[in-house]
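Please walk through this model with me, strand by strand and then along a helix. The sequence and structure come first.

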Amino acid sequence: MAQIFRYTRKLKNAQNILQNRPFSAVSFSSDAAAAFVSRGVGKGNAEASVAVGYSPTTKASSTVLSISHLTSNTIKTRIPVSSFHFISIVSGPHAASMRNYSAKSDLPPHQEIGMPSLSPTMTEGNIARWLKKEGDKISPGEVLCEVETDKATVEMECMEEGYLAKIIKGDGAQNIKVGEVIAITVEEEQDIAEFKNYEVSASSAPPAEAKAPSETITASSEEPEPAKAPEPRVSQAEATPHSEDRIFSSPLARKLAEDNNVPLSSLKGTGPDGRIVKADVEDYLASAAKTVPHAKAGVSGTVQALNYSDIPNSQIRKVTASRLLLSKQTIPHYYLTVDTRVDKLMQLRGELNVLQEASGGKRISVNDLIIKAAALALQKVPQCNSSWMNDFIRQYHNVNINVAVQTDNGLFVPVIKDADKKGLSKIAEEVKNLAQKAKESTLKPEEYEGGTFTVSNLGGPFGIKQFCAIINPPQSCILAVGSAERRVIPGAGPGEFEFGSFIAVTLSCDHRVVDGAIGAEWLKAFKGYIENPTSMLL
């Protein structure tokens, strides 16, 4: 793990590296301490930027080098690598993303560049492509590579000047943990050749999650005791043989086995007391499909093959799955549905689009009007523009509407910020631009983060009449919009009737934050804007 500060020819710039970084403490042997002291470091000089103090409680008789801050008068020194017998590192909360200097004495000064954390929920990422190649000169602000995060593809920029000596994780590298080394940079061009066969050491791997913030990770020159191989576990199915007279299985497993002509006697159960469960039959069928791909169905004694393809999950799909599962498991959802008549809305939209076409603007969609109505309703009922924070409820003063966009790579939710303050023309333009970026996976973090409410529309594009959406945490509400449906409306007198268009909308609410009456109040305000759309222009 590259958290140990190294003395290099650019040590005077170290304060820029450690600025706003967590505290690190490095322990050296007493020989190393003497080497520091002999060079004038740690003699009680108040002007020295590095202080060395002895730790009598450490059995290794080590000396702790505390790097708290550095000044422009930092003393340059070099310590023999033989003195580094014992090293302990106290890791801060963001240590995984740090980029520090190397300690290997057989290599020139260099930096190990780790996979950065580019979004609040990112734990791993993929390298889409490198825009710099090995040997290229790099400068601050230049794009090194494109990283596929859990939400979008983001450009990773250089932070310092130097040369790209080695690419550890090439184009298309997947599931790289945050903090894991992806490249090596050097300060001098002549040092590049030294890293041709460079391999990342185990100490450069991302740290395991600490049990406590102050836990110390210790590395020693002594070889660790080899781990004992785990004893083989005997499944209960093997330990408990089936009865000769009866094979125990669940009803669902028996039905699945019968449908696929699978004899239960050929299966080993993994359920309680060796009971055959559905998963055992499915595993058997999956194995049979691979070994007998052309098995004929319906013939006694044969197994019906299952034809399938394993499709790798994208990073965005993995994160979407975990967040929505967390939402359904931890948020008490309830749902409110109302029908809104949209005849006046359609008429206003037609009139506005005539003006838009004349001025060369983007056409306004029904969804744009719904976003505007939702934003104004949140102004009226701000309790729905809130988040559950355990000890308190956070109510947002900005109305930022996330819009669900389906793409080939998964579900994206770009955000329209301050939607209540923007005109319909501006909303229409932003929605179309952000939707295009989502489909191209080029959204920037600021274009999908910070939402306070979400709108999901399956009506216009897919014709779904009505559905219930899953809340997008940490938000407390999401609006599901169905398709427009033309209905017959009875008139005042006998035989009198008229036609009207209606859209069913369903509000999913977090009951911890939004009570039923509050959710109903919000829907009432929303319906008022939809059925009297000119009020949105006031």
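Strand 5 (residues 110–114) runs antiparallel to strand 12 and pairs with it over five bridges. Pairing here requires that DSSP finds at least two bridges between two strands. Helices (H or I, at least four residues) and strands (E, at least two) are DSSP runs, numbered from the N terminus. I113 has A183 of strand 12 as its bridge partner.

This is a predicted model: local features need pLDDT of at least 70, side-chain atom pairs count only at pLDDT 80 or more, and totals for chains, interfaces and linings use all residues. Residues are numbered from 1 along each chain as its sequence is written, and side-chain values use heavy atoms, with hydrogens and water left out.

Strand 12 is mostly covered, with six of its six residues buried (under 20% relative accessible area; exposed is over 50%, partly exposed in between; 1.4 Å probe, protein chains only).

Strand 8 (residues 143–148) meets strand 9 over five antiparallel bridges. C145 stands opposite M156 of strand 9.

Now helix 9 (residues 424–439). Its 16 residues reach 23 Å from first C-alpha to last, close to the 22 Å expected at 1.5 Å a residue. That expected span is 1.5 Å times one less than the number of residues. Its buried residues include L424, I427, V431, L434 and A438. Helix 7 (343–359) and helix 8 (366–380) are among the elements that cover them. Just after helix 9, S441 takes a positive phi of about 55°.

Key:
Contact means heavy atoms within 4.5 Å.
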